[in-house]
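Hello,

Here is the structure I promised to pass on. Have a look at it first, and my notes on what turned up follow below.

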Amino acid sequence: MNTIFQRSGLSVLAVTLLLYTSTPLLLTSCSPSGIEYDVEFSSNNEGKMLVPYAESDIDIEEANPFAPLEEYNMESIEVGPNKATSLPLTSMFLRLFESALYRNIHQVSGTYQSVDINGKPITVSGKLMYPKDGKIKNLIIVSHYTIGAQAESPSESFNPEGIFATMGYAVAIADYIGYGVTADQVHPYLQAHTTALNVIDMGLASRALLNKRGLKCESDSIILCGYSQGGATTMYVQYMLENEINTDFKIKKNYAGSGPYDIARTYDYSVKKDITGIPSAVPLIIQGMSVGMSRPLDMSYFFKDKLLENYDEWLNSKKYTIKQINTLIGSNSLKELLTADAIDKTKPETMRFYQELMQNSLPKTFTPIAPVYMFHSEDDDTVPFINSQLLQKQFRDLYEQFGISTDITYDFDFYGPHTKGAIKFIFKVAGQLD
């Protein structure tokens with residue numbers, strides 16, 4: 001039962017009826033495609049210990065935390081409407097982390113047990129980072145942004161969020177299915193329920209390993225964080241921890257940046273504008289939704305010739321970064337990538353796809369209990385700002401209709417395109433951490 005309605009004194013049935021009568025074509029589901037997950041989630045961590053297969057100490061200078069974003073030629077961060085600083089990122093990094101810059105951290109790549117898209121047990125992987133001196137404030141569970149190449153997997157690289165470990169935090173990042181030790185599998189892109197479970201299990205497995213090593217966090221609470229794909233995932237992680245599964249995790253705060261919280265409306269927006277800021281996301285989303293369906297989608301129905309011929313190699317070989325895939329695709333026009341039927345929601349196959357998009361968006365009844373910091377650049381060229389606008393409206397509407405209060409800070413401004421927003425987001429989060 002959703003605890004927000006327990007707090008407001010309304011039954012789930014009453015609220016559901018109200019939402020159905022006020023929202024056209026609202027589809028709800030406990031899990032994608034009606035999958036029943038028979039895994040018992042509890043706080044005993046049984047079977048969820050992170051099993052290390054690679055460990056090392058690393059200096060933050062050597063880690064080069066923004067290396068994953070260097071291919072985008074990042075030189076400055078947008079700080080206001082159409083204004084950018086002339087201060088290089090390296091200088092900003094040195095200024096913000098001057099006291100922690102040379103603090104060594106320990107990183108552990110390992111495997112743990114979770115569930116796949118069908119709710120069956122699977123061994124997956126991720127990375128845990130923490131201060132080498134063992135003094136840990138909180139566990140931060142990070143949901144990472146969209147990647148394409150196996151080399152970008154958190155277990156095989158150094159994610160920018162790893163800088164939080166220099167500040168005294170343990171940072172746990174799941175690879176997601178399709179990367180790390182499961183690189184031979186299709187990544188279920190934006191399959192909300194499964195990905196959130198993988199992230200939660202990574203948090204449980206990481207905490208179990210820390211406890212085994214006698215490393216106790218100063219606080220029992222956890223912090224959630226994610227940007228882009230990770231922004232939507234971290235919000236769904238919060239939803240599940242507060243409403244669906246049983247752990248003793250207590251959320252201190254959730255930092256969610258520029259997420260596609262409503263992927264159905266994002267698809268609508270892109271179709272209407274006939275443009276996408278990230279062409280690789282088009283086949284990623286269609287393929288990702290398909291792997292979660294009892295009857296997979298026919299890719300020849302959706303993709304035009306060039307994309308149809310090459311998408312499997314581009315997406316599933318895990319050889320190419322997102323920027324490289326975008327270049328290979330060669331167009332950001334949906335009409336050049338997709339068939340006419342694929343963007344016509346009156347067609348049965350398109351309707352099946354669209355229904356899956358709605359089922360993997362944040363539930364329309366969700367209101368967070370723990371505090372949330374929401375960040376989005378209003379001129380984001382990849383994840384349209386409308387995602388955060390709609391979620392803000394959802395939270396406000398639920399308050400007006402049912403008196404459900406929230407503790408949410410909205411940080412919306414013209415911070416530049418998507419990748420520049422990512423850097424700004426990380427600095428903003430770092431500045432707020434205790």
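**Helix H8 and its neighbours**

In H8, Pro283, Leu284 and Gln287 meet Leu307, Tyr311, Leu315 and Asn316 in H10 (contact means heavy atoms within 4.5 Å; helices are DSSP runs of H or I with at least four residues, strands are E runs with at least two, and both are numbered from the N terminus). Before going on, please note that this is a predicted model, where local features need pLDDT of at least 70, side-chain atom pairs count only at pLDDT 80 or more, and totals for chains, interfaces and linings use all residues. Residues are numbered from 1 along each chain as its sequence is written, and side-chain values use heavy atoms, with hydrogens and water left out.

The axes of H8 and H10 (residues 305-316) come within 11 Å and cross at roughly 85° (axes are lines fitted to C-alpha atoms, for helices over the stretch in contact, and angles run from 0 to 180 degrees between N-to-C directions). H8 is therefore roughly perpendicular to H10, a term for angles of 65 to 115 degrees. By class, this contact has 5 nonpolar, 2 polar and no charged residues (Ala, Val, Leu, Ile, Met, Phe, Trp, Tyr, Cys and Pro count as nonpolar, Asp, Glu, Lys and Arg as charged, and the others, Gly among them, as polar).

H8 (residues 281-290) also packs against H13 (residues 348-359): their axes come within 10 Å and cross at roughly 85°. So H8 is roughly perpendicular to H13 as well. Here Ile285, Ile286 and Met289 in H8 meet Phe353, Glu356 and Leu357 in H13, and these residues divide into 5 nonpolar, no polar and 1 charged.

**The sheet**

An open sheet of 9 strands runs in the order S1-S4-S5-S7-S6-S8-S9-S10-S11, with mixed pairing (two strands pair if DSSP finds at least two bridges between them). S1 (51-58) and S11 (408-413) are the edge strands, each pairing on one side only. From one strand to the next the twist averages 20°. S9 (residues 250-257) and S10 (residues 372-377) pair in the parallel sense over 4 bridges, and Asn254 stands opposite Val372 in S10.

**One more thing: cavities**

How many cavities of 30 Å³ or more does the structure hold? There are 3 (on a 1 Å grid over the protein atoms alone, a cavity is a set of points where a 1.4 Å probe fits but cannot get out). H6 gives the largest share of the lining of the largest cavity, 3 residues (lining residues have an atom within 4 Å of a point).

Best wishes

Definitions and conventions. Parallel < 35°, antiparallel > 145°, perpendicular 65-115°, else oblique. 1 Å grid on protein atoms, 1.4 Å probe; cavity = no way out; pocket = protein on both sides within 12 Å on 5 of 7 lines; lining within 4 Å. Points joined across faces, edges and corners; volume = space filled by probe spheres on them.
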